[in-house]
Amino acid sequence: MAWPRLLLALSAGLLLACGAATLIPERPEERSHGIAVQRSLNLRSAALTYRLGAVERDEQDGVRVDFTLQNGSSRDIEQGLLRVILYGTDGRLISARLPFAGLPRARSRFMSARFGAVPFRVQDFGLEVIFVVP
């Protein structure tokens with residue numbers, strides 16, 4: 001009984017330690033189906049939403065996107081996997097997977113996604129849920 005909790009705690013610690021790491025972009029053939037997460041300024045009941053923060057380009061031509069993930073559902077989320085998508089002109093996009101752990105019901109969490117070199121001007125941001133474990 002203690003081993004699953006220990007593994008979960010170690011996983012959560014590793015996720016927090018890697019929070020500032022640059023995400024590895026997905027290749028087009030790696031993009032599986034995801035469910036779009038809607039943008040909302042306020043917590044919505046029965047929905048997982050996000051509030052967009054800053055989108056900044058750094059001196060190495062990388063991009064950092066700050067956002068707040070909001071859990072308005074009636075369930076706590078133990079862990080999940082998001083797809084972060086940056087959209088540019090002419091249909092260009094780059095996406096990467098971002099894991100998270102421990103998002104209680106009716107709570108929000110600030111998150112940051114860092115991409116290495118992004119070869120286009122970012123025009124929009126999207127977020128998809130690949131999976132969650134309640």
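E30 is partly exposed, because its relative accessibility is 33% (buried means under 20% relative accessible area, exposed over 50%, partly exposed in between, with a 1.4 Å probe and protein chains only). This is a predicted model, in which local features need pLDDT of at least 70, side-chain atom pairs count only at pLDDT 80 or more, and totals for chains, interfaces and linings use all residues. Residues are numbered from 1 along each chain as its sequence is written, and side-chain values use heavy atoms, with hydrogens and water left out.

Stay with E30. Its side chain meets that of R27 in a salt bridge, 3.4 Å from N to O. The term covers a side-chain nitrogen of Lys or Arg within 4 Å of a carboxyl oxygen of Asp or Glu. R27 has a relative accessible area of 48%, so R27 is partly exposed. By this rule the count comes to 10 salt bridges.

Another of them joins R57 and D61, at 3.2 Å from N to O. R57 counts as partly exposed because its relative accessible area is 38%. D61 is partly exposed too, at 37% relative accessibility.

R83 forms a salt bridge with E128, and the closest N and O atoms are 2.8 Å apart. R83 lies in strand β6 (residues 77–87) and E128 in strand β9, so the bridge ties together parts that are 45 residues apart in sequence. Helices (H or I, at least four residues) and strands (E, at least two) are DSSP runs, numbered from the N terminus. Both R83 and E128 are buried. Salt bridges with shared partners join E26, R83, R97 and E128 into one network.

Next come the aromatic rings. A search of the whole structure finds 3 aromatic pairs. Rings of Phe, Tyr and Trp (its six-membered ring) pair if their centres lie within 6.5 Å; planes under 30 degrees apart count as stacked, over 60 as edge-to-face and the rest as tilted. Y50 and F125 are edge-to-face, because their planes stand at 80°, with the ring centres 5.5 Å apart. Y50 sits in strand β4 (residues 48–57) and F125 in strand β9 (residues 124–133), so this pair links parts of the chain 75 residues apart. Y50 is buried, at 3% relative accessibility. F125 is buried as well, with a relative accessible area of 4%.

F125 has another ring partner. F67 and F125 form a tilted pair, 5.6 Å centre to centre with 40° between the planes. F67 lies in strand β5 (residues 62–71) and F125 in strand β9, so the pair ties together parts 58 residues apart in sequence. F67 is buried, and so is F125. Y50, F67 and F125 form one aromatic cluster.

Finally, the sheet. Strands of a sheet pair through backbone hydrogen bonds, either parallel or antiparallel. Here, 5 strands form an open sheet in the order β1-β8-β5-β4-β3, and the pairing is mixed. Two strands pair if DSSP finds at least two bridges between them. The edge strands are β1 (22–23) and β3 (38–39), and each pairs on one side only. β1 and β8 run parallel and are joined by 2 bridges. T22 has R114 as its bridge partner in β8.

Strand β8 (residues 107–117) also holds S112. S112 counts as buried, because its relative accessibility is 16%. Its side chain meets that of D66 in a polar contact of 2.8 Å. A polar contact is a pair of N or O atoms within 3.5 Å; within protein, one must be able to donate a hydrogen and the other to accept it, and residues adjacent in sequence count only if both atoms are side-chain atoms.
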